[in-house]
Amino acid sequence: MPDLTLHHQNTASGNTAESEKGVKSTNKQSHRTCVRMSVQDYELLKEKSTAADLSANAWLMGQLETNRPVLHRERETWEVVRFMDEAGREINAIARNFNSGYGTAEQLRRAVCLLGDVYEQLHKVRKKGYLHAA
């Protein structure tokens, strides 16, 4: 299992990056992340990236697009998931009432309020660093 200790460094502002040697580049990439891995894992990375005819970096970026990493869910993320589940059930019940012609304005206000509460809860968790909390 690779040691996924990440080192993240913001190397630029805007679209101009400055390398460690002080040479400016117009590359739009402005962040660098270092992933430590074993020799075996690095060989596997080279094999897979070569087979895909991509650089190791391009292959890893492609993997991130399709295989989002699963974040360890701390207590607060589980609470948000539970809250979203409960709110979703209540919103669905309100939607069923409206679809059958029995919905009220008060129910609609309640559904909008619940959606706002879900947004607030997710926003709090995302501020703690869980950008893909779900």
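Which residues of helix H3 are buried? In this predicted model, the buried set consists of Thr 77, Val 80, Ala 87, Ile 91 and Ile 94. Helix H3 itself runs over residues 75-99, and H4 is included in what covers its buried residues.

Just after H3 comes Gly 101, whose phi is positive, at about 90°.

Helix H4 covers residues 105-127, and Asp 117 is found within it. Asp 117 is partly exposed, because its relative accessible area is 25%, which lies between the 20% limit for buried and the 50% limit for exposed. Along the chain, Asp 117 and Phe 83 are 34 residues apart, while a separation of 9.1 Å is found between their C-alpha atoms.

Helix H1 (residues 39-51) packs with helix H2 (residues 56-66) at an angle of about 85°, and their axes are 9 Å apart. H1 is therefore roughly perpendicular to H2. On the H1 side, the contact involves Leu 45, Lys 48 and Ser 49, which meet Ala 56, Trp 59 and Leu 60 of H2. By type, the residues of this contact are four nonpolar, one polar and one charged.

How values were computed:
Residues are numbered from 1 along each chain as its sequence is written. This is a predicted model: local features need pLDDT of at least 70, side-chain atom pairs count only at pLDDT 80 or more; totals for chains, interfaces and linings use all residues. Side-chain values use heavy atoms; hydrogens and water are left out. Axes are lines fitted to C-alpha atoms, for helices over the stretch in contact, and angles run from 0 to 180 degrees between N-to-C directions. Helices (H or I, at least four residues) and strands (E, at least two) are DSSP runs, numbered from the N terminus. Angles under 35 degrees count as roughly parallel, over 145 as roughly antiparallel, 65 to 115 as roughly perpendicular and the rest as oblique. Contact means heavy atoms within 4.5 Å. Ala, Val, Leu, Ile, Met, Phe, Trp, Tyr, Cys and Pro count as nonpolar, Asp, Glu, Lys and Arg as charged, and the others, Gly among them, as polar. Buried means under 20% relative accessible area, exposed over 50%, partly exposed in between (1.4 Å probe, protein chains only). The expected span of a helix is 1.5 Å times one less than its number of residues.
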